[in-house]
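Work through the exercises below with the sequence and the model side by side, and try each task before reading its solution.

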Amino acid sequence: MSDEGMSSVVAPATFDCRVAFGEELMELARRDRRVLAVCNDSVASSNLAAFAKELPDRFVNVGIAEQDMVGVAAGLANAGYIPFVCAGAAFLTGRALEQIKDDLAYGNWHVVLCGMSPGMSYGELGPTHHSIEDVAWLRAISNVTVIVPADPIQTRASVRWAAGADHPVYLRIGRFKVPRVTPEGAELDIERAMELRSGDDLCIMATGTMISRALEAASRLEGRRYRVRVLALATVKPLDAEALVRAASETRRVVTVEEGVVDGGMGSAVAALLSQRCPVPMRILGVPEFAPTGNPGFLLDHFGLNAVGIEAAALELLA
Amino acid sequence: MTAADDAWGHASELRRQVEAVEPGRRADLLARTAQDLRATIVRTVAGAGIGHLGGDLSVIDILTTLYFGVLRVRPDEPGWADRDRLILSKGHSAVSLYAVLARAGFMPEGLLQQFACPLSPLGAHPNRRKVPGVEANTGALGHGLPFGVGCALAARMDGSSRRVFVVLGDGELQEGSNWEAAMLAGHRRLVQLTAVVDRNGLQQGARTEDTNRLEPLADKWRSFGWEVEKVDGHDHGALLAVLTRSPADRPRCVLARTVKGKGVSFMEGRAEWHHRVPVLAQVEAALKELAG
């Protein structure tokens, strides 16, 4: 792994959010008999083996059939169950998009879609397995809340929040190992943007895997005497509009960064909001095209989705 | 109040009448009801200037038999947790479903006049959030059976004997999602699930067999682990017999042979009446035939 973009010598501990997801879902299911796990054969990759063993009657593996899986989940919700539908994000969202739109969103059933291993975390497996479009697709559908938790703490909070919702929710559960970004003892409100670093020269708005890299970029920019604010967005839809407009009006420059498509993703959502309520110069960083072959870390660097890339975009605005 | 009174306390008036008459006369009562609902459907579609008459008229005997001879539902309590489920997968036959729901008392019959009007709860495809008694928002094809499989799995989890009926068009069986669901239902032996196929042989513009062949359809369902029954989909006695029969050891598929546009001579078996709207003279002719 390249040290470029990393200022600390000792790498912080990192976590696969699927572990926290599986543990939290298990705890939830023990307390609430309505909670089910539904999957498309992705027992191991969704970290559901313990669930299947402890609660076999509330575990539904439909086999490799995502359209059926989402329709089945709507039917289970019709009886008052709360299905957590777990599958690789690419297959869950792309393959079953019409079922998500019609069966879940238009019917407005309380089903929690759990897109596992999103972004480019499948690395060398390539664009068929990458899920860079999921946030853009799901964001376009009425009634669906879209949440991109950034670390194990946010993952657990998102699972709990989603269980208490009354409509469809999409959770993007990361596989790419991330450091903890939620401060110790922070009061976590998953619906609100969280300010992880203060500053008034520019604001970086980041989701998921990009948050730690945004913080790194802010540190580098501090070395250049710029004070950069970092906002972590867990809930991408609906946006925490007031916090984002306030940040834009106070910093006058915004860089967004996400591990997903540039067209229609979180950055597009922020641009749509700010262009109407507080237009400021922006840079929107994300994945511009299908990825070439490479491991996840390589691919993030390839597309400039690291501290150096974020710093460069910020410097364009600060120049 | 006796247990029997309690069981029928929430049922529609017509449902109770069907149950009260001697078994040999039930089919006649259902047939008269369906014929009356055909007239309602023709008037509703003609009034709105939009609809799918051909499929409405082919499926109405199936829906009438289910709602007034089979289903345990409560029009005065549509959300009753242990109700039987009816999912109309061929959502474009919404008018036939609305006509039956209105007759059953889920909504005032006068509401049918608002079908497809601006801001009406009664759209050309059903919305469960607007119409009491509608279980799923169908319209896009191939969505009802997976939903029904979920309903049947939920019934099993609940330890309930409630039943789930999914009414499918035959053309929509070309959608692969049906077969994903059929495979799971067969694998899990969802005995409480019944699929009823409105086998009118026509899709939007042509015969199913000329477009993308379905036959041998019974063999397909059997090979997916289902029991298959073939019936005349306009014979209320035959429908009643097969739909009230106790569940077997596997899910049941009823292939109901029907005629698109059934009951109106100039619509019967003609693909163009899939979504054509009759002009006034045709409405009068149709209503005259249906009254005769």
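Helices (H or I, at least four residues) and strands (E, at least two) are DSSP runs, numbered from the N terminus. The model is a predicted one, in which local features need pLDDT of at least 70 and side-chain atom pairs count only at pLDDT 80 or more, while totals for chains, interfaces and linings use all residues. Residues are numbered from 1 along each chain as its sequence is written, and chains are lettered from A and ligands numbered from 1 in the order in which they are written.

**Exercise 1.** Determine how many helices and strands chain B has, and judge its radius of gyration against that of a compact globule.

*Solution.* Begin with the elements: chain B contains 11 helices and 5 strands. Next take the radius of gyration, which is computed over C-alpha atoms, the globule rule being 2.2 Å times the number of residues to the power 0.38. For 292 residues a compact globule would come near 19 Å, and the 18 Å of chain B agrees with this. Finally, the C-alpha trace of chain B spans about 55 × 55 × 40 Å along its principal axes.

**Exercise 2.** Describe which parts of chain B touch chain A.

*Solution.* Two residues are in contact if their C-beta atoms, placed from the backbone, lie within 7 Å. First count the residues: chain B contributes 22 and chain A contributes 24. Then assign elements: helix 6 (144–158) and helix 7 (176–187) of chain B each supply at least two residues of the side that touches chain A, and helix 6 of chain B gives the most, with 10 residues.

**Exercise 3.** Trace the open sheet of chain A and locate its edges.

*Solution.* Strands pair if DSSP finds at least two bridges between them. Seen this way, 7 strands of chain A follow the order 3-2-4-5-7-6-12, with mixed pairing, and the edge strands, each pairing on one side only, are strand 3 (59–61) and strand 12 (235–237) of chain A. Within the sheet, strand 2 (residues 35–39) and strand 4 (residues 82–88) of chain A pair in the parallel sense over 5 bridges, where Ala37(A) has Phe84(A) as its bridge partner in strand 4.

**Exercise 4.** Is Ile141(A) buried, partly exposed or exposed?

*Solution.* Count the other C-beta atoms, placed from the backbone, within 10 Å of the residue's own: 20 or more means buried, 12 or fewer exposed, and anything in between partly exposed. Ile141(A) has 18 such atoms within 10 Å and is therefore partly exposed. As for its position, Ile141(A) lies in the loop between helix 6 (134–139) and strand 6 (145–147) of chain A.
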